[in-house]
Amino acid sequence: MEVIVLKNVENVAATAGVLLGELLRVKPAAVLGLATGGTQLALYHRLVEKYLDGSLSFKQTTSFNLDEYLGVSADNNQSFRAYMNREFFDHIDIDKHNTFLPACNEEDNPRLVGPLYEKKIHDAGGIDLQVMGIGANGHIGFNEPSSSLGSRTRIKTLTKQTIEDNSRLFSKDEFQPKLAITMGIATIMDVRRILLLATGENKADAVGKMVEGPVTAMCPASVLQLHENVSVLLDEKAATGLKNRQYYDWTYRQNESLKERFGILHE
Ligand code: GLP
C-alpha cells in the first residue's frame with residue numbers, strides 16, 4: 001500500500017485528480033470505478049474544473065459505481081445515481097449511457113442484479129481505476145464489517161453505525177434506506193488500481209486499522225493490504241491513527257523522484 005499524507009482536503013482531491021488524469025491521458029477509454037460520499041465531492045469538483053479548462057475528457061470513458069440504495073430510483077434525490085449526475089456527470093462530457101450503478105428498482109429481482117452487474121463489468125474489460133472512500137467502521141462500498149472477503153455484488157444490510165453516519169444527509173421525514181446493493185470485496189479486489197481517499201479525524205481509526213491492522217473481515221478495507229496497486233490518499237487529520245507515518249512520507253518522496261526519473265508505470 002502506498003500511503004500519501006497531504007495537508008488538507010483540497011490537496012487530497014488535487015493529487016487524486018492528477019493520478020486519475022495520468023490514466024485518462026494514456027487510456028482515454030478507461031473504465032473507472034466511482035464512489036459517492038462526502039469525501040469524493042472535492043475530487044469530482046476538481047475533475048469538472050479539469051474538463052472545463054480542456055485538460056481532461058471523459059468522452060470515451062465508462063464508469064461503474066460501487067453501490068446504490070435498494071429500491072431507491074434514479075429520480076429520487078437521495079439515490080446515488082442522482083448524486084453522480086448532480087455532482088459529476090451533468091458537468092462533463094461522459095456519455096451517460098456508459099455510466100452504471102448497481103441499481104435495483106421495485107420491479108427488479110435483487111438476486112439477479114448483482115450477477116448482471118458483475119457481467120457488465122467483465123464485458124467492459126474490468127475496472128482500470130477505482131476511486132473509493134472508507135466508512136468510519138472500515139467498510140468499503142457498502143461491505144460492512146463481517147462481509148465475506150470473497151463476496152461479489154449483492155444486497156447488504158447496513159449497520160446501525162453506517163445508517164447513523166449517513167443520517168445527516170436525510171431530513172427527518174425522509175425515508176432512509178437500510179439495504180443497499182454493493183460491489184463485493186472480491187469485485188473490488190479485481191480492479192487494476194485503487195485510489196482510496198479519506199479525510200477528517202472520524203476516519204483516523206478506520207484508516208489505522210486498514211493500513212496497519214490485521215487483515216480481517218471486521219475491517220473490510222484491511223483486505224486492500226493484499227492488493228498490489230493501492231494508493232491511500234489522506235489528509236493530516238485522517239492520518240493521525242498511523243504509527244508508521246514517517247516511513248510513508250519518506251517512501252512517497254522516493255516514489256515521486258522515481259517517477260520523475262523513470263516515468264509512470266503503465267500496463
Ligand atoms: C458511504 C458509501 C461509501 C463511502 C463511505 C464514506 O456509506 N457507501 O462508498 O466511501 O460511506 O462516506 P463519506 O465520504 O461521506 O464519509
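Begin by selecting helix H2 (residues 41-52) and helix H3 (residues 80-87), which pack at an angle of about 40° with their axes 10 Å apart. Helices are DSSP runs (H or I) of at least four residues, strands are DSSP runs (E) of at least two, and both are numbered from the N terminus. Axes are lines fitted to C-alpha atoms, for helices over the stretch in contact, and angles run from 0 to 180 degrees between N-to-C directions. H2 is therefore oblique to H3, since angles under 35 degrees count as roughly parallel, over 145 as roughly antiparallel, 65 to 115 as roughly perpendicular and the rest as oblique.

The model is predicted: local features need pLDDT of at least 70 and side-chain atom pairs count only at pLDDT 80 or more, while totals for chains, interfaces and linings use all residues. Residues are numbered from 1 along each chain as its sequence is written, and side-chain values use heavy atoms, with hydrogens and water left out.

Next, show the side chains between the two helices. Leu41, Tyr44, His45 and Val48 of H2 meet Tyr83, Met84 and Glu87 of H3, where contact means heavy atoms within 4.5 Å.

Move to strand E2 (residues 31-34). Val31 and Gly33 point one way, Leu32 and Leu34 the other, and all are buried, that is, under 20% relative accessible area, with exposed being over 50% and partly exposed in between (1.4 Å probe, protein chains only). Leu34 has Asn65 as its bridge partner in E3.

Now select the whole sheet. It is open, with 7 parallel-paired strands in the order E1-E10-E9-E6-E2-E3-E5. Strands E1 (2-6) and E5 (99-100) stand at the edges, each with a single partner strand, so one side of each lacks a neighbour in the sheet. E1 pairs with strand E10 (residues 230-235) in the parallel sense over 5 bridges, and Val5 stands opposite Leu234 in E10.

Finally, select Gln60, in the loop between H2 and E3. Is this residue buried or exposed? Gln60 counts as exposed, at 51% relative accessibility. Leaving aside neighbours within four places in sequence, Gln60 is in contact with Pro28 and Ala29.

Notes
Two strands pair if DSSP finds at least two bridges between them. A crossover is right-handed if, with the strands pointing away from the viewer, the path from the first strand over the helix to the second runs clockwise.
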